[in-house]
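I opened the model today and kept notes as I went. Entries follow in the order of looking.

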Amino acid sequence: MRLIVNGAAHDVSAPDHETLLVTLRERLDLTGTKLVCARGECGACTVLIDGEAVYSCLTLTAACEGQTVTTIEGVARGDTLHPLQRAFIDHDALQCGFCTPGQVLTALALLAKNPHPTEEAVRQGMSGNLCRCGAYPKIVRAVLAAAGDGPAHG
Amino acid sequence: MAERSGKRFVTTKVEVEGREETKVVELPSRDPEPWRDDAPLTVVGCRVPRMDALEKVTGSARYTADVRRPGMLYAALFRAPVASGRVTLLDLSPALAIPGVRGALTAADVHGIRIDGVHLFDIAIHYAGQPLAAVCADSLDVAERACRAIVCEIETAAHVVTAERALEPDAPRARSFGNRARNSPRVVSRGDVDAGLRDADAVVTKEFRTPVALHTALEPHGAVAEWSGGRVTIWESTQGIFMTRNEVAKALGLRLSMVRVIKNYMGGGFGAKNGASHATYTAVALSRKLGRPVRCVLDRDGEQRDAGNRPATIQRVTLAAKRDGTLTAIRAETIVAMGIGGWHSSAAKIYHELYRCANVHTAETWVFMNTSAMASFRAPGHVEGAFGLERAMDMLAVELRIDPLELRRRNYADHDQEKGRPYSAKHLDECYRQGAERFGWHESRERAPGSGRLRRGSGMASLIWGAGGGPPAYATVRINRDGSIEVLTGAQDLGTGARTVFSQIAAEVLGARIDDVRTILGDTERLPFASNSWGSITTASVGPAVRVAAEEARDSLFEAASQMLDADVGELVARDSEIRVRDNDRSITFAALCDRLGDVMIIGQGSRGPNPDNTAIAAFGAQFAEVEVDTETGHVRVLRIVSAHDSGRIINPTLAESQLEGGIIQGLGYALHEERVLDKRLGVQLNANMHDYKIPTMADIPVIDAFFVRGSDTVANHTGAKGLAEPPIIATAPAIANAVAHALGREVSEIPLTPWRLLSR
């Protein structure tokens, strides 16, 4: 089957029960997508499929035929970081960095739907992405900063 | 900067994770003047962005679980489903018959390897989740399927999984010699507690309980091992590359030079990743047996069941005081429920340290049970002990009708009473003052909690943590021919910021641009020794060694420059990677200078000197919390936390504040949600996943104002910096619990403060 990941087409022959997470990590060596809980509890494996944030640990590769997958490796344009990535660095919105790819992709999807979220919308919208280091306050700040004009009110 | 003469090797004391160790140390080549508060520093103290953030936000950082070697196989562990018993049949043949399965390990393959007192793959079952075998296959999927195909028959035996039951005379024995650790109870006392109780105007007594908490690092324990020419290379998610190397070499009878341990990035440690683990030995043994690289990374279930935990405690506490609040006696009987093994982390220690009191008596008992072994977990012992002590202090404050903060101030310890020695520096009073002011403590306490469904309350707690670091630690600084600079030291960056902090120290000394400096960590074969990154010691241990190495390199660089610029060394100053002659316009960049030197490499070596004699070194802090309790649902919402810290000089305020916030958030989870839940009848854990074991989410986070009070600790070491990663978690649970008690007007004695605990009274 054909999988389009970060703009490149890949022909993969994954068994029917293989998850997108395993295909990305083990077949395509895109290891930015992390395996943490393997059951949709932590958000570390989040990728975008046709712009929607999904848990790749709960997504079967076989169901992704012809769809467009974006992983953390596809967020920057060459050496130019996405403003959200830049904001994560500027606000120190990470410590160990293991949850960071999932956080960035969830935030990307959130901002695509709601370009000027309130702080509350960010907190609720990203509460499915766990961070054990506790970078949460700075992640919120980074996402709001990347949203550009700052949070909408009311 | 005098050259040392006389003795080269001396002994010194280093406190790690609450344990004081005596170490032999080689005196460094030089002993720089300490950086005092008024030192004109331009890079140290700056908010330099985290230097490995780019790799982390782009997904290019390779963690251990991401390492892939040509021909690599995948291992999975088969675990005991019961808490006690004996394997009577272990048939691996159905597993080995599955296509793609390449081999397996049982006890016979790993003879003599023990972890926490248990033989690896022991057929005697000591706790549920204990590994019994490992299987290796072409893919993880096949390896896991093969594990499920193993046929295992077990003769079960009686088990014990609570400390109280374990201490009863007729309890099943978790360890052959009994359930009580041999040194228990360990009694530590000073003064005369009975006299202190007689002299008291007020006495409070209460039993406190704390839960088993799980580290829940996002990256599980894991290793990739590859043998070549009789040597093994191990990529490991570890806080201690040298400890892992030493343990593997010892277990396998190898020379240290035959074992190489590498750690580039790791997805959290929090104390649980301090040496060779089940995953390490499994990868190493399977790789040797099969002649191919092997990756063994625990699955989430295994990580939550058997990868270390903060042990549960029971603390029976009595505090006594005069009418004016002066403490006259502190007594605590503490029980630490270790599980099958671990080490003697002490909940009692903080009772001797935090407040001034002439009469203190603690008796501590460590208990073995049929549960997985405890491990260090961010400020081990102090987190547990602080809950009991600081809750009891608030009960005493109620009894005496004294403001809780005022009560703590009246019992301020101006020296280390346990050993009768001064502190290198202590600014806890400043933490109280600034913290109370930023929190609005007095206004907040005076506000009535309310009588409706939602009640508000405020609470606070103090902390102390021996975070002085110490030797040995080594660093090398080298300057390449283009002027780029490398700092090499065998420490680890857990996500704490060590790479950034060491680069800042080197840049400061050399007068280099921070962007010109790169710190290389985590490789036993290529780097000089640094200790485990535990006990909040890395900055205070390794930082001074980096400073000395950079000074040596700078001296060589200046000597070369003095010839090229025709000036005395004393006339030279460096800034932004350029050396200038003072009062003169002659200058040369590092790049131009080093290019002229060609492949003559400027190299500086540094080491960490001894700690000052007869001096206690500690970090301090005070935390203030405001909560809202829903009296109908029992839900506690933390509204805000103010946390004031004294950790000496702060090398990078941004990264340091990130550590504080992270510690507070972990402490919030410990206070409100986190506990390992066991089926006591079966002795099996019920919440070995990330949904039912509840760590805080982004929606749970209060407004956090965490900051440092000023004060370089120039007695502690010549950088003035002390540790700061563990301190913030110590005070959070008691501050929150004290706020809940204030809101409800009744005492709380057990965490986590889940709704059923708050309502079932």
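I started with helix H15 of chain B, residues 538–565, in this predicted model. I counted 28 residues and a reach of 38 Å from first C-alpha to last. That is close to the 40 Å expected at 1.5 Å a residue.

Next I asked how many residues of H15(B) are buried. I found 20 of its 28, so I noted the helix as mostly covered, burial meaning 20 or more other C-beta atoms within 10 Å. I then looked at what follows H15(B): Asp566(B), with a positive phi near 55°.

I turned to the largest nonpolar core, which has 292 residues. Ala75(B), Val135(B) and Ala506(B) touch the most other members. I listed the contacts of Ala506(B), leaving out residues up to four places away in sequence. They are Val477(B), Ile485(B), Val487(B), Val517(B), Val546(B) and Ala550(B).

Then the contact between the chains. I found 43 residues of chain A in contact with 43 of chain B. On the chain A side, helices H2 (83–90), H3 (100–113), H4 (119–125) and H5 (136–146) each supply at least two residues. H5(A) gives the largest share, five residues. I sorted that side by class: 24 nonpolar, 10 polar and nine charged.

Last, the domains of chain A. Domain 1 spans 2–74 and domain 2 spans 83–146. Their centres, over C-alpha atoms, are 20 Å apart.

Note on methods:
Residues are numbered from 1 along each chain as its sequence is written. Chains are lettered from A and ligands numbered from 1 in the order in which they are written. This is a predicted model: local features need pLDDT of at least 70, side-chain atom pairs count only at pLDDT 80 or more; totals for chains, interfaces and linings use all residues. A nonpolar core is a set of buried Ala, Val, Leu, Ile, Met, Phe, Trp, Tyr and Cys residues joined through C-beta atoms within 7 Å. A residue is buried if 20 or more other C-beta atoms lie within 10 Å of its own, exposed if 12 or fewer, and partly exposed in between; C-beta atoms are placed from the backbone. Two residues are in contact if their C-beta atoms, placed from the backbone, lie within 7 Å. Helices (H or I, at least four residues) and strands (E, at least two) are DSSP runs, numbered from the N terminus. Ala, Val, Leu, Ile, Met, Phe, Trp, Tyr, Cys and Pro count as nonpolar, Asp, Glu, Lys and Arg as charged, and the others, Gly among them, as polar. The expected span of a helix is 1.5 Å times one less than its number of residues. Domain bounds come from an automatic or database domain assignment.
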